[in-house]
Amino acid sequence: NVSRVSLWGRHSDLFVPDATWDASAGILVATVRGKIPSNVNIGISFAVVNGGTARAAASVLLSVTSVPGPLCCPSGGASLSAVNVAGSVLSFSDAPWFKSAIIGQSVPFAGELNTLTVTLVSNFDFIALEGVVSTVIIAGLGAASASTGPMIVMNAGSFDSACWSCVCSSASCSSFSTAATGSVTLRMLEIYADRPVVLSFQVVNPLVSTAASISISSNWNDASFTAAMAVTNDLISLPSGAVFQPKVGEAALFTIRTPQFTTRTITQTISSPCSPNTICSTLQVTTPLPAGQVLTISTFTGATLLVSGQAYSGTVDTSTAASFNSSVLLPQATAHFVGGWNSMTYTLYLRTTCRVEAGQAMQFCISVQNPQLAQPGSTAGAMTVAATIGGTLYTTQMDQPASPSSAPMFVTQPSFTLLSVGPVVTTPCKQQMI
C-alpha cells in the first residue's frame, strides 16, 4: 500500500518532489534535498483520499531521522523524536451518504411496462477518481422483471451505465458480471452535495400488489459503504404516467390497481314476448385490457340469438380465437370485439380484437328473440360481466336500467288493458251489434 505523492507549498523545493505514502499505516516520508535553515516557516501540502466513515481528528506526529554523511553527524546520524503537530485533520462528523432516497412508479397496472423514478440527495460530493469504479446499487426490485444486462437509465447525467441484476465491466457495458437478482447497479460519475439527482428506468410490473423493501448502497472510490439505507416509498403522490383516474398512493412501488368496471350499462329495445330485440351495452374498465382478453356477459335468460335474422345455436371455446365469430355481434361492436354464444347457458363471450386502454369506452350490441313467457325484472338485475385479468377473476353486476322494461330479457306479461261489453240497441227483437 506504499505509493508516491507529490508535494507542493511554501519551500516545498527543500524536499524531493515525490514523497512516499504508506496508506495502511498513514505515514508520509518526505526526503530533504539538502539543508533546512533554522527559524523558517516551511509549509508543504499533499493530497490524500478521505476515509468513508465518521471519525475524530487524527493525532499527527512529526519525527526526523538523518543518515550518516559528510554534512551531518558522520558518527551515526541525527534524529528528532516524534512530537505532536498542532491542527485538526482527517475528521468527519458525517460519513458520505445519501440524505434522502425516494422511489416512485408511473403505472399501477399488472404486467405493464413501468417507469421507476429514484430521487437521491447526498451530503457529500461523490466524484469518481479516474480509473476507479464507483457504483450505486439499488436492491430489492425482485418483484419486477427485466432482461439481465445493460439497461437504459433516463436523466442519468451522474452515471455512465447501468445494469439489471449485473455489474457493467466498463462504461459501454459491453461485458458484465452477474449480481443480486432484482438489483440495479449504476456506475457513478459525480453526485454533488444537496443537488437532487433524478434517474428513471423501466421494468415490467408484477401481476399483484407486492410489498417491496428497497435499499441503496454504494462503493465509492473503493470505499464500500456496506450499511445499506432504506429507500423511501412515495406514498403521497399520483403516479407519474398517463393513468386513467389516478389516485394518491398509486405512485408507491409495485402498487397494482384492482380492475373495476366503472361503466357497465346494458339496455334492450323491446320487452314483448317472442319479438326480435336489440340489446346494447357500454363497458369501461379502470385497467388496460390486452388483445385477446375474454369478457363473459351472463345471463340472457331465455334468449335466442339471432344472426342475420335466423336463430343461432352453438357453443364457444373461449381459449381459442377461431371459436369466436364477428357475426354474433351487431356492427356497433366490431371496433373492439368478436363474439361467442352459448345457447345452453344463454351466455355471451366477448374477445377483444385490440388493446383497450384504461377508461376507454367499449360498446357492443346483439340481436335476440325474446322468450314466449313473461320474465320479471329481477332476472335482468342479476346480469354480470366477468373477466380474468392478471390471473384473477373479477365479476361485477351490470347496472339496472331506470325503466324495468329496458332491462335485458325483461319480458312483459301479455294482458288486456281494456275489457268492455254493452248493448248498442235496446229494442226487443231488434237485430244489433254487441
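These are my notebook entries on a predicted model, taken up region by region.

**Ground rules.** I number residues from 1 along each chain as its sequence is written, and I leave out hydrogens and water, so that side-chain values use heavy atoms.

**Cores.** I looked up the largest nonpolar core, which has 32 residues; such a core is a set of buried Ala, Val, Leu, Ile, Met, Phe, Trp, Tyr and Cys residues joined through side-chain atoms within 4.5 Å, where buried means under 20% relative accessible area, exposed over 50% and partly exposed in between (1.4 Å probe, protein chains only). The residues with the most contacts inside this core are Ile-138, Leu-141, Leu-186, Leu-199, Phe-201 and Ile-216. Among the elements that give it two or more residues I noted β6 (98-105), β7 (113-122), β14 (184-188) and β17 (215-220), and the largest share, four residues, comes from β16. Strands here are DSSP runs of E with at least two residues, numbered from the N terminus. I then found a second, separate core of 30 residues, which includes Leu-329, Val-368, Val-385 and Tyr-394.

**Surface patch.** I next listed a nonpolar patch on the surface, formed by Trp-8, Phe-46, Val-48, Val-60, Leu-62, Val-83, Val-85, Val-89 and Leu-90, with about 690 Å² of accessible area together. Patch residues have over 30% relative accessible area and no salt bridge, and nonpolar side chains (Val, Leu, Ile, Met, Phe, Trp, Tyr) are joined within 5 Å; a salt bridge is a side-chain nitrogen of Lys or Arg within 4 Å of a carboxyl oxygen of Asp or Glu, and the areas come from the Shrake-Rupley method with a 1.4 Å probe, only the protein chains shown counting as cover for residues.

**Glu-250.** I found Glu-250 in the loop between β19 (232-233) and β20 (261-268), and at 7% relative accessibility it counts as buried. Its side chain makes a polar contact of 2.8 Å with the side chain of Arg-257, and a polar atom of the Glu-250 side chain lies 3.1 Å from the backbone nitrogen of Lys-247. A polar contact is a pair of N or O atoms within 3.5 Å; within protein, one must be able to donate a hydrogen and the other to accept it, and residues adjacent in sequence count only if both atoms are side-chain atoms. Not counting residues up to four places away in sequence, Glu-250 touches residues including Gln-105, Pro-108, Ser-237 and Thr-255, contact meaning heavy atoms within 4.5 Å.

**Backbone.** I recorded a cis peptide bond between Ser-298 and Thr-299, with omega about 0 degrees; Thr-299 is in the loop between β22 (294-298) and β23 (304-307). Ser-165, in the loop between β11 and β12 (166-168), has a positive phi near 60 degrees although it is not glycine, and it is buried at 7% relative accessibility. Met-409, in the segment after β29 (392-397), likewise has a positive phi, near 65 degrees, and is buried at 1%.

**Thr-267.** I placed Thr-267 in strand β20, where it is partly exposed at 36% relative accessibility.

Conventions
This is a predicted model: local features need pLDDT of at least 70, side-chain atom pairs count only at pLDDT 80 or more; totals for chains, interfaces and linings use all residues. Patches are made of residues with over 30% relative accessible area and no salt bridge: like charges are joined within 9 Å, nonpolar side chains (Val, Leu, Ile, Met, Phe, Trp, Tyr) within 5 Å.
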